[in-house]
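Welcome! Take a moment to turn the model around, and then let us walk through it together.

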Amino acid sequence: MRVVVLTGAGISAESGIRTFRGSDGLWEGHHIEDVASPDGFRRDPDTVYRFYNDRRRQLLQPEIQPNAAHLALARLEEKLGDDFLLVTQNIDDLHKRAGSLRLLPMHGELRRARCSACLGLPDWDGDFDEKTKCPACGKSGHLRPHVVWFGEMPLYMEDIYTALAQCEVFAAIGTSGNVYPAAGFVDVARRQAGARSFELNLEKSLVHNAFEEGRYGKATEIVPKWVDDIL
Ligand code: NAD
């Protein structure tokens, strides 16, 4: 059974990382367009560097750990092996820490920097800013967070669409259906592969009508149960 799972910020909410769109449309107190767009970065790079440095420091706090939903998906992968693919919109590394290996972080990774001079993607656990030198090429002024912002092309799209076109089961977990192309993956899986489709979320997403089945509740409760059911 070939399975593709897409996750969003909701799967990490119970680990203590805030989602994008609470009731106020802010991410950790910031307007999304200020901290997650190339324009925002051009206007005020210091705020953007500081924002991602803060997120990275928060992610590395000892109390932030993978939860039962992350672990359940790692268990599903253990059973399915190469027939499983996890695509995440999250920039945290909680899937990786839960043991997921076949994992494509389509919106980048908080614990990496990107150098526009040498195109390196160095691992990064501390702070960095405009003045920081790239450890690979030694140039400063070229590092930015390795995060895909609004208006930029998500990563791994070819691999993702290939897997969607061949899957028998597609599930979207903890995602609001606001952000494309991810919100359209369900249509590709159904149309091109005839996949069974599941939405698992706290509440109905914007695109819930596109799914055959919806299960609503906290990820730590509904995801382990769904994994048991499909296995
Ligand atoms: P979103 O914030 O737009 O939506 C989160 C969804 O999760 C909502 O529909 C909400 O109802 C649901 N949810 C909240 N708590 C839940 C819980 N305990 N169990 C199950 N569902 C729950 O997130 P999104 O759709 O992933 O938006 C995409 C963008 O958010 C991505 O670009 C991503 O990079 C960014 N983001 C990532 C993180 C992270 O890495 N953890 C955090 C915030 C934002």
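How does the radius of gyration of the protein compare with that of a compact globule of 231 residues? For a chain of that length, a compact globule would come out near 17 Å, and the protein has 18 Å, so the two agree. Please keep in mind that this is a predicted model. Along the principal axes, the C-alpha trace spans about 50 × 35 × 30 Å.

With the overall dimensions in mind, we can turn to how the chain is arranged. The protein contains eight helices and ten strands. Of the 231 residues, 51% count as buried. The accessible surface comes to about 11,100 Å², and carbon and sulfur atoms account for 48% of it. As for charge, there are 28 positive and 34 negative charges, and their mean positions are 2 Å apart.

Now let us look inside. In soluble globular proteins, nonpolar side chains tend to be buried together. Here the largest nonpolar core has 24 residues, and W27, Y52, L59, I91, F128, L143 and W149 have the most contacts inside it. At least two residues of this core come from each of α1 (32–35), α3 (45–59), β6 (108–115) and β7 (143–147). Helix α3 gives the most, with five residues. Another core, of 23 residues, lies apart from this one, and its members include M157, A183, V188 and A210.

Beyond its neighbours within four places in sequence, W27 is in contact with R18, T19, F20, I32, F51, Y52, R55 and I91. Is V35 buried or exposed? V35 counts as buried, because its relative accessibility is 0%. Setting aside residues up to four places away in sequence, V35 touches H30, V48, F51, Y52 and W149. For a sense of distance, find V223: V35 and V223 are 188 residues apart in sequence, and their C-alpha atoms are 30 Å apart in space.

From there, move on to F41, in helix α2 (residues 38–43). F41 has a relative accessibility of 18%, and since buried means under 20%, F41 counts as buried too. Leaving out neighbours within four places in sequence, its contacts are D34, V48, Y49, R144 and W149. Between F41 and L202 there are 161 residues of separation in sequence and 32 Å in space, C-alpha to C-alpha.

Finally, some details of the backbone deserve a look. Which residues does a cis peptide bond join? The bond is between Y180 and P181, with omega at about 10 degrees. P181 sits in the loop between β8 (169–173) and α7 (185–193).

L119, which is not a glycine, has a positive phi of about 65 degrees. L119 lies in the loop between β6 and β7, and with 68% relative accessibility it counts as exposed. Y156, also a residue other than glycine, has a positive phi near 65 degrees. The place to look for Y156 is the loop between β7 and α6 (157–164). Y156 is partly exposed, with a relative accessible area of 33%.

How values were computed. Residues numbered from 1 in each chain as written. Predicted model: local features only at pLDDT ≥ 70, side-chain atom pairs only at ≥ 80, totals over all residues. Heavy atoms only, no water. Helix = DSSP H or I, 4+ residues; strand = E, 2+ residues; numbered from the N terminus. Rg over C-alpha atoms; globule rule 2.2 N^0.38 Å. Buried < 20%, exposed > 50% of the residue type's maximum accessible area, 1.4 Å probe, protein only. Areas by Shrake-Rupley, 256 points an atom, 1.4 Å probe, with all protein chains shown as cover. Lys, Arg positive; Asp, Glu negative; His and termini not counted. Charge placed at Lys NZ, Arg CZ, Asp CG, Glu CD. Core = buried A, V, L, I, M, F, W, Y, C linked by side-chain atoms within 4.5 Å. Contact = heavy atoms within 4.5 Å.
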